[in-house]
Amino acid sequence: MQNIRVRAHAKINLYLDVVGKRQDGYHNLETIFHSIDLHDDVIIRKQDTKEITVHCTHPAVPSDARNLAYRAAQCLNDAVGGIGGIAIDLHKRIPVAAGLAGGSADAAAVLHGVNALFGLGFTRETLMHFGAQLGADVPFCLHGGAAFGQGIGDQLTPLPALPDLPLLLLNPGIEISTAAVFKKLNFSLTKPKKKDIIIRTYIEKGDVLGIGKNLYNLLEMPVFSQYPEIAALKTELSTQAGCYGALMSGSGATLFAVMHDTEAAHRSESHFKNKVRFCTTTVTSPVGVYIND
């Protein structure tokens, strides 16, 4: 086998709270991740040279060691003392710097795909350990489905995946720095802590209405204060027919709505498609990375 194609699924956060700052500069989180069907295609090929090369369809994505996919391949190469040349082609569908873990998903796909293509034999748990060294969201992107995340988001407790839950995603085209959002977070002004156990219970029951009513993301406060147009977009999204609840994913700027059905999602998509840069209907996914035969 000379090449392999991997689907790299985006994620949303159904719940995200920041519970403290760490000595290493990161923040401890409590979050609920869920994979969604929106995905990049990652094609990995063996090549005769010893180089790692990355090509991407999106002009803003770097092709050197700044790219998490590149670093994922380098990580496995170093772990086994050299595995030969690796060519990576990234076909982007996930918006860049959008709170959907597009870069982390691509890195997870490379870890998964290189492991399979070269027959390295690493377990998923070992790949997740490698992933945690690359980025906080990479372990979940390997895990996929639904999970409760703690620490920097890398300590995962599995939750039952929500089957084919209709979602509408909007992104106004504002690229937001995660580091800048956390820097602006003022713990003295934050709201009283919400209990993650409430929405986890609704997820375990598969109660979509309860999930929609209990969506929560603490990072909305610093983002909305700087970008009131995103707050206004969320308000408009929340009032759409068939919307059970709306939330910003991660550090933004993508918003998502939990919808009653795909028909309602498509109707709302038609309403927004000429107002924002990115708008799509999707569903939840039970997997994070998937090898296409």
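1. Helices (H or I, at least four residues) and strands (E, at least two) are DSSP runs, numbered from the N terminus. Under that assignment, Asp196 belongs to helix α6, which covers residues 196–205. The model is a predicted one, in which local features need pLDDT of at least 70 and side-chain atom pairs count only at pLDDT 80 or more, while totals for chains, interfaces and linings use all residues. Residues are numbered from 1 along each chain as its sequence is written, and side-chain values use heavy atoms, with hydrogens and water left out.

2. Asp196 has a relative accessible area of 11% and is therefore buried; buried means under 20% relative accessible area, exposed over 50%, and partly exposed in between, with a 1.4 Å probe and protein chains only. Apart from neighbours within four places in sequence, Asp196 is in contact with Tyr15, Glu30, Ile32 and Phe148, where contact means heavy atoms within 4.5 Å.

3. Helix α2 spans residues 102–117, 16 residues in total, and extends 22 Å between its first and last C-alpha, close to the 22 Å expected at 1.5 Å a residue. The expected span is 1.5 Å times one less than the number of residues. Of the 16 residues in α2, 13 are buried, so the helix is mostly covered. Just after α2, Gly119 adopts a positive phi of about 60°.

4. How do the axes of α1 and α2 cross? The axes of α1 (residues 68–79) and α2 come within 8 Å and cross at roughly 30°; axes are lines fitted to C-alpha atoms, for helices over the stretch in contact, and angles run from 0 to 180 degrees between N-to-C directions. The two helices α1 and α2 are therefore roughly parallel to each other, since angles under 35 degrees count as roughly parallel, over 145 as roughly antiparallel, 65 to 115 as roughly perpendicular and the rest as oblique. The crossing of α1 and α2 is right-handed, that is, the near helix is turned clockwise from the far one by less than a right angle. On the α1 side, Leu68, Ala69, Ala72, Ala73 and Leu76 take part; they meet residues of α2 including Gly103, Ala107, Val110, Leu111 and Val114. An α-helix has 3.6 residues a turn, so residues three or four places apart point the same way.

5. The structure contains 0 disulfides, a disulfide being a pair of cysteine sulfur atoms within 2.5 Å. For Cys56, the nearest cysteine sulfur is that of Cys141, 16 Å away. For Cys75, the nearest is likewise that of Cys141, at 15 Å. Cys56 is partly exposed, with a relative accessible area of 25%, whereas Cys75 is buried at 15%.

6. Gly144 sits in the loop between α4 (138–143) and β5 (146–150) and is buried, at 3% relative accessibility. Gly144 and Val287 are 143 residues apart in sequence, yet their C-alpha atoms are 4.4 Å apart in space. Leaving aside neighbours within four places in sequence, the contacts of Gly144 are Ser35, Pro286, Val287 and Gly288.

7. The peptide bond from Gly252 to Ala253 is cis, with omega near 10°, and Ala253 lies in the loop between β9 (243–248) and β10 (255–259). Ala97, although not a glycine, has a positive phi of about 50°; Ala97 is in the loop between β4 (85–91) and α2 and is partly exposed at 36% relative accessibility. Asp164, also not a glycine, has a positive phi of about 50°. Asp164 is located in the loop between β6 (155–159) and β7 (166–171) and is exposed, with a relative accessible area of 57%.
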